[in-house]
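User: Hi! I'm new to reading protein models, and I'd like to go through this one step by step. Could you take some questions?

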Amino acid sequence: MNLSISPGKNNVGAYINNINLRSLNQDLATEIKKILNQYGVIFIKEQNLDPETYQNFAKTIGQPVVYPRLKGLDEKFPFINVIERKPDDKNLSFGSSWLHQDTSYLSNDRPRYTMLMGKEIPAGQGNTIFSSGFNAYDKLPDDIKEKIKGATAVFSSAGPIAVTRLEREKEMGIKSSESMEAEHPIVITVDGKKTLYVSPGHLMKIKNVKEDEAEYLKNYLVDHVNKEEFIFSYEWTKGDICLWDNLSILHMASEIKNCRRVMHRITIK
Ligand SMILES: [Fe+2]
């Protein structure tokens, strides 16, 4: 099967064109997953799926998981989280201002993919910002590649992003849980290509590098993945689906002011 695909800005991810997920079959699902692993993030425009079709599509990618601390849409769709931004929300939106890789603070059985579908989209704001770990690794100077060969990092749910998370949890009346921490290699191979796994929003410390270079490397890598040349700011239209692999793609929300936005999210192992 040959799907029509075109690259996102700065070669971040791929659009899959002329596709209707309402008529999904096994061949198509296999092809979509192949493109997802290869490009890291896929963009499928204006699908407007009902919850059942949306949840079934997620199941062709992997095992949907119940996201810690957030409620499902209802009993029939426990895997769909409603992410709602209200017009009078004053603080930054969920996960904004720090690029991150979802749940990097969990150990090796952490969920791998995140999928969003736009339900209510305000005009001209609320983009999701993606950065490609593949491209960022590729463009590292050779001496940095050498220094971080075999490096690991400690990631924490109480990392830089936590300020937003804690505010959000308070606002939603959720009792904050203990912070979670995990250590992972920062150079990993996905689909035969090396990618950077540095999740700045959760990054605490780089390990297995020269002690006196750990802080420098941490700052260097955080600056590096934030460079304009690796970024694609995705502008939503209603019904769009973005599905990304947290091993190879970093993301963050952008600021939203005085308007309502609703997304349906599914987290997938
Ligand atoms: Fe996130």
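Below is a chat that goes from the whole protein to single residues.

User: Before we start, what kind of model is this, and how are residues numbered?

Analyst: Residues are numbered from 1 along each chain as its sequence is written. As for the kind, local features need pLDDT of at least 70, side-chain atom pairs count only at pLDDT 80 or more, and totals for chains, interfaces and linings use all residues, because this is a predicted model.

User: How many helices and strands are there in the protein?

Analyst: Helices (H or I, at least four residues) and strands (E, at least two) are DSSP runs, numbered from the N terminus. Going by that, the protein has six helices and 16 strands.

User: What radius of gyration does the protein have?

Analyst: The C-alpha trace spans about 55 × 45 × 35 Å along its principal axes. The radius of gyration is taken over C-alpha atoms, and the globule rule is 2.2 Å times the number of residues to the power 0.38. For 269 residues that rule gives 18 Å, and the protein comes close to it, so it is as compact as a globular protein of that length, with a radius of gyration of 18 Å.

User: What percentage of the residues count as buried?

Analyst: A residue is buried if 20 or more other C-beta atoms lie within 10 Å of its own, exposed if 12 or fewer, and partly exposed in between, with C-beta atoms placed from the backbone. Of the 269 residues, the buried share is 37%.

User: Which residues touch the most other members of the largest nonpolar core?

Analyst: A nonpolar core is a set of buried Ala, Val, Leu, Ile, Met, Phe, Trp, Tyr and Cys residues joined through C-beta atoms within 7 Å. Two residues are in contact if their C-beta atoms, placed from the backbone, lie within 7 Å. Take Val 41: leaving out residues up to four places away in sequence, Val 41 touches Val 12, Gly 13, Phe 130, Cys 242, Leu 243, Trp 244 and Ile 249. In the core of 58 residues, those touching the most other members are Val 41, Ile 42 and Leu 243.

User: Why are the buried residues of α2 on the same side, and how wide an arc do they cover?

Analyst: In α2 (residues 51-61), the buried ones are Tyr 54, Gln 55, Phe 57, Ala 58 and Ile 61. The arc is that of the directions from the helix axis to the C-beta atoms. These residues sit on the same side of α2 because their arc is only 155°.

User: What covers the buried residues of α2?

Analyst: Those buried residues are covered by parts from several places in the chain. Among them are α1 (26-39), β4 (64-65), β6 (113-120), β14 (241-245) and β16 (261-268).

User: Which residue of β3 stands opposite Tyr 15?

Analyst: Two strands pair if DSSP finds at least two bridges between them. β2 pairs antiparallel with β1 (residues 4-7) over four bridges, and there Tyr 15 is the bridge partner of Ser 6. β2 is also joined by two bridges to β3 (residues 41-44), running parallel. In β3, the residue opposite Tyr 15 is Phe 43.
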